[in-house]
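Please read this report with the sequence and the model side by side.

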Amino acid sequence: MAQDHAAPATRGAAIAPVAGPPGIDVQINGEYFRHTGDPEMPLLWYLRDVLRLDGTKYGGEHGEGGADLVLVNGKATSAIGVPMSKLAGKQVTTVEGLADAKGVLHPLQQAFIDEDAIGCGYCTPGWLIASMDLLNRRKDPSDSDIDTLPNLCRCGCQTRVRSAIKRAAASMKQGAQA
Ligand code: FES
């Protein structure tokens, strides 16, 4: 199997990838990586099996339930549905990239904890990513906005997830005004 190289790179969008073997350069959680394996490898397997970022979950071959969502250039995207060949030059954010560099949780993550919106946790990364996308588009999401998210929770946390998203929206609004 071809080797995948994690370019010795660095957090920060301004830093260009270093020279190396040909491949697909992609920025993941602020660091550059070069994928030199099968270009049709789904992003989900690159994240989980190559980079060992296993927060993003497998929900089915069509991304059922949204457990495999990541942000690609800020938009929630099924990681099982997108091959590495489509990601050259793109910015990917996984659940591992939501906290800041010092490990301070994103307001959304904190809100999920505060609202006890996590059962077994399998669906949680996908909810967080879908909610990020939603809050980027709607600062004050309604119940029906939240209900458009594709995510499912088999533990029955939907009501608490809804509260968590609203709590995060309020906290982010407050943060923006501070
Ligand atoms: S917390 Fe278990 S599936 Fe959602």
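Helix axes are lines fitted to C-alpha atoms over the stretch in contact, and the angles between them run from 0 to 180 degrees between N-to-C directions. This is a predicted model, in which local features need pLDDT of at least 70 and side-chain atom pairs count only at pLDDT 80 or more, while totals for chains, interfaces and linings use all residues. Residues are numbered from 1 along each chain as its sequence is written, and side-chain values use heavy atoms, with hydrogens and water left out.

**Overall make-up**

The protein chain has 5 helices and 5 strands, and from the N terminus on these elements run β-β-α-β-β-β-α-α-α-α. Helices (H or I, at least four residues) and strands (E, at least two) are DSSP runs, numbered from the N terminus. Of the 178 residues in the protein chain, 42% are buried, where buried means under 20% relative accessible area, exposed means over 50%, and partly exposed lies in between (1.4 Å probe, protein chains only).

**How the helices cross**

The axes of α2 and α3 come within 10 Å and cross at roughly 125°, which makes α2 oblique to α3. Here angles under 35 degrees count as roughly parallel, over 145 as roughly antiparallel, 65 to 115 as roughly perpendicular and the rest as oblique. Helix α3 (residues 124-137) also meets helix α5 (residues 158-177), their axes coming within 11 Å and crossing at roughly 45°, so α3 and α5 are likewise oblique to each other. The crossing of α2 and α3 is right-handed, and the crossing of α3 and α5 is right-handed too; a crossing is right-handed if the near helix is turned clockwise from the far one by less than a right angle, and left-handed if anticlockwise.

**Charged side chains**

A salt bridge is a side-chain nitrogen of Lys or Arg within 4 Å of a carboxyl oxygen of Asp or Glu, and by this rule the count comes to 10 salt bridges. Three of them are set out below.

| Pair | Closest N to O distance |
|---|---|
| R167 and E115 | 2.8 Å |
| D147 and R162 | 2.9 Å |

R167 is partly exposed at a relative accessible area of 38%, as is D114 at 40%, and E115 is partly exposed at 22%.

D147 forms a salt bridge with R162, a pair that links distant parts of the chain, with D147 in helix α4 (residues 143-147) and R162 in helix α5, 15 residues apart. D147 has 48% relative accessibility and counts as partly exposed, and R162 is partly exposed with 27%. Which residues are linked with D147 and R162 in a network of salt bridges? The network is made up of D143, D147, R162 and K166.

I113 is found in helix α2 (residues 107-114) and is partly exposed, with a relative accessible area of 47%.
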